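I opened this one up to look at the fold, the aromatic rings and the ligand site. My notes follow in the order I looked things up.

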Amino acid sequence: MSDFDPYKHNDDDLAVQEAKPKLKRPPLYKVILLNDDFTPMDFVIEILMDFFSMSEEKATRVMLQIHTQGVGVCGTYSKDVAETKVYIVNDYSRENQHPLMCSMEEV
Ligand code: TYC
């Protein structure tokens with residue numbers, strides 16, 4: 001018999017196939033910001049710096065990209081972390097009476 005034998009034989013010579021490990025990486029989620037006509041640019045930059053740890057330069061670039069393209073990615077996270085980011089950003093925007101919308105989508 002060759003060395004490769006996916007079927008291990010037990011003492012009664014029954015072929016028993018070993019279970020394949022069912023390991024899958026947990027899905028990741030993009031947290032996204034949507035453009036609108038009312039939220040001040042400085043407020044969006046503040047959000048990107050404070051909640052997504054961006055430098056002022058990067059936050060400005062991302063804000064302008066959202067402003068011109070309509071949507072932009074703030075970061076990619078596990079489901080729990082993405083849900084928390086979405087919650088705190090939307091909460092903070094409402095608290096400050098801005099219509100800024102943050103949401104998430106699976107990568
Ligand atoms: N379009 C907004 C303005 O002109 C700025 C803005 C940028 C708003 C990004 C939301 O996610 C946003 N004041």
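**Overall layout**

I took helices (H or I, at least four residues) and strands (E, at least two) as DSSP runs, numbered from the N terminus.

Before going on, I noted that this is a predicted model: local features need pLDDT of at least 70, side-chain atom pairs count only at pLDDT 80 or more, and totals for chains, interfaces and linings use all residues. Residues are numbered from 1 along each chain as its sequence is written, and side-chain values use heavy atoms, with hydrogens and water left out.

I looked up burial next: 29% of the 107 residues of the protein count as buried. Buried means under 20% relative accessible area, exposed means over 50%, and partly exposed is in between (1.4 Å probe, protein chains only). The protein exposes about 8000 Å², and carbon and sulfur atoms supply 53% of that. Accessible areas come from the Shrake-Rupley method with a 1.4 Å probe; for residues, only the protein chains shown count as cover.

For contacts (heavy atoms within 4.5 Å), I checked sequence separation. Among those with a separation of 6 or more, residues 24 or more positions apart account for 67%.

**Helix 1**

I checked the length of helix 1 (residues 41-52). The expected span is 1.5 Å times one less than the number of residues. For its 12 residues that should come to 16 Å, and the end C-alpha atoms are 16 Å apart, so the two agree.

Which residues of helix 1 are buried? I found Phe43, Val44, Ile45, Ile47, Leu48 and Phe52. The buried residues of this helix pack against strand 3 (28-34), helix 2 (56-69), strand 4 (71-78) and helix 3 (79-95).

**Aromatic rings**

A pair of aromatic rings is described by the distance of the centres and the angle of the planes. Rings of Phe, Tyr and Trp (its six-membered ring) pair if their centres lie within 6.5 Å; planes under 30 degrees apart count as stacked, over 60 as edge-to-face and the rest as tilted.

I found 3 aromatic pairs in the structure. In one of them, the rings of Phe43 and Tyr92 have centres 5.5 Å apart and planes at 10°, so the pair is stacked. Phe43 is in helix 1 and Tyr92 in helix 3, so this pair ties together parts that are 49 residues apart in sequence. Phe43 is buried at 7% relative accessible area, while Tyr92 counts as partly exposed at 24%.

I then looked at Phe52 and Tyr77: their ring centres are 6.4 Å apart and the planes sit at 40°, so the pair is tilted. Phe52 lies in helix 1 and Tyr77 in strand 4, so the pair ties together parts 25 residues apart in sequence. Phe52 counts as buried at 7% relative accessibility, and Tyr77 counts as buried at 19%.

I also noted that ring pairs link Phe43, Phe51 and Tyr92 into a cluster.

**Ligand site**

Which residues are around the ligand? I listed Leu34, Asn35, Asp36, Thr39, Met41, Val44, Met63, Ile66, His67 and Leu100, where near means a heavy atom within 4 Å.

I went through the polar contacts (a pair of N or O atoms within 3.5 Å; within protein, one must be able to donate a hydrogen and the other to accept it, and residues adjacent in sequence count only if both atoms are side-chain atoms). Asn35 puts a polar side-chain atom 2.7 Å from a nitrogen atom of the ligand. For Asp36, a backbone N or O atom lies 2.7 Å from a ligand nitrogen atom. Thr39 has a polar backbone atom 2.9 Å from a nitrogen atom of the ligand.

On its own the ligand has 340 Å² of accessible area, and the protein covers 89% of it. Helix 1 and helix 2 are the elements that give two or more residues to the shell; helix 2 gives the most, with 3 residues.

**Two last residues**

I looked up Asn90, which is found in helix 3. Asn90 is buried, with a relative accessible area of 16%. Leaving out residues up to four places away in sequence, Asn90 touches Leu100, Met101 and Cys102.

Tyr29 lies in strand 3 and counts as buried at 11% relative accessibility. Tyr29 and Thr76 are 47 residues apart in sequence, yet 5.4 Å apart in space, C-alpha to C-alpha.
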